Amino acid sequence: IGTLYVVATPIGNLDDISQRAIATLSSVDLIAAEDTRHTGKLLSHLSIKAKTFALHDHNEKQKAQQIVNWLNEGLDVALVSDAGTPLISDPGYSVVSLCREQGAKVTPVPGACAAIAAVSCSGLPTDRFQFLGFSPAKSKARQDFFLSAYESGMTSIIYESTHRIMASLDDIEHVLGAQQQVVLAKELTKTFETFFSGTVVELREFLTEDPTRQRGEIVLMLPGKEKQPEEIPADARRMLSLLEAEMP
Ligand code: SAM
């Protein structure tokens, strides 16, 4: 029986591909790619002969059974997306879930992921965080989305499209106020990589000053609401006051 390898590819800098990813892409029988032309370029950069077929949101369900059949016939298949880790706001969910359901072997070949790259350098708390994918298209839904992201108390990681970033900042200001802190990570691992931390108003100014700053690939991060003392559970509060009493 074959194996489905879920292979991460670079999100900008082509050197961010692991030795194991190269070995896997070279040795598998077939590569399921989000866009065969895009993946073809990466493969030719790596001097790997292309044996790709397209797997995108529109045909993924039909292709999934085909992939399980190939695995059952003993073929090894790699799953890649255009950039970063497949299934993370990218195709692949139907394939992996069907493989799991039907007992096929699935294994990760980990690597770049914009969400993790962004949060790891954001300066925001990373002990608990949530990845929320892209923000909703409609303003009201976005306002609810940002409010509940904040209320979660965790750092939230959000993928933003260039045409929505300014509207998202307006919505954040609307529900969380002008002083709300945000962090923007742009063009990670690329020439014009940028991090910006500040209030939502400062970020809007930064992006308006030079509109080219609104272009490119963007991750937006929002710190969670800090726990108020009364929200700390009663037993934890008792423990804290006992500890305080013991402190010199
Ligand atoms: N699967 C990918 C991953 O692992 O990060 C994400 C794919 S999703 C379709 C594309 C979005 O990811 C972009 O709109 C942007 O929000 C984010 N992204 C991808 N590459 C990025 C980069 N180099 N810098 C900043 N954000 C990036």
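Author: One term is needed at the outset: a crossing is left-handed if the near helix is turned anticlockwise from the far one by less than a right angle, and right-handed if clockwise. Please note also that this is a predicted model.

Reader: Understood. Which hand does the crossing of H7 and H8 have?

Author: The crossing of H7 and H8 is left-handed. The axes of H7, residues 165–176, and H8, residues 200–209, come within 10 Å and cross at roughly 160°. Angles over 145 degrees count as roughly antiparallel, and H7 and H8 are therefore roughly antiparallel to each other.

Reader: Which residues of H7 and H8 meet there?

Author: From H7, Ile 165, Met 166, Leu 169, Ile 172 and Glu 173 take part, and they meet Val 200, Val 201, Leu 203, Arg 204 and Leu 207 of H8. By class, this contact of H7 with H8 has eight nonpolar, two charged and no polar residues.

Reader: And H6 with H7: what is the angle at which they cross?

Author: The axes of H6, residues 139–151, and H7 cross at roughly 60° and come within 9 Å, which makes H6 oblique to H7. The crossing of H6 and H7 is right-handed. Residues in the contact include Phe 146, Leu 147 and Tyr 150 of H6, with Asp 171, Ile 172 and Val 175 among those of H7. The contact of H6 with H7 divides into seven nonpolar, four polar and two charged residues.

Reader: Turning to the sheet, what is the order of its strands?

Author: The sheet is open, has five strands in the order E6-E7-E10-E8-E9, and its pairing is mixed. Its edge strands are E6 (129–134) and E9 (194–199), each of which pairs on one side only. The twist averages 20° from one strand to the next.

Reader: How many bridges join E8 to E10?

Author: Four bridges join E8, residues 181–186, to E10, residues 218–222, and these two strands run antiparallel. Lys 186 stands opposite Ile 218 in E10. H8 packs on the sheet, where it touches E8 and E9, and its direction makes about 135° with that of E9.

Reader: Finally, the ligand. How many residues surround it?

Author: The ligand is surrounded by 24 residues, of which the closest are Gly 84, Ala 114, Tyr 159, Leu 188 and Glu 217. At least two residues of this shell come from each of H5 (114–120), E7 (155–160), E8 and E10.

Reader: What classes do the shell residues divide into?

Author: Eleven residues of the shell around the ligand are nonpolar, seven are polar and six are charged.

How values were computed: Residues are numbered from 1 along each chain as its sequence is written. This is a predicted model: local features need pLDDT of at least 70, side-chain atom pairs count only at pLDDT 80 or more; totals for chains, interfaces and linings use all residues. Axes are lines fitted to C-alpha atoms, for helices over the stretch in contact, and angles run from 0 to 180 degrees between N-to-C directions. Angles under 35 degrees count as roughly parallel, over 145 as roughly antiparallel, 65 to 115 as roughly perpendicular and the rest as oblique. Two residues are in contact if their C-beta atoms, placed from the backbone, lie within 7 Å. Ala, Val, Leu, Ile, Met, Phe, Trp, Tyr, Cys and Pro count as nonpolar, Asp, Glu, Lys and Arg as charged, and the others, Gly among them, as polar. Two strands pair if DSSP finds at least two bridges between them. A residue is near a molecule or strand if its C-beta atom, placed from the backbone, lies within 6 Å of it.
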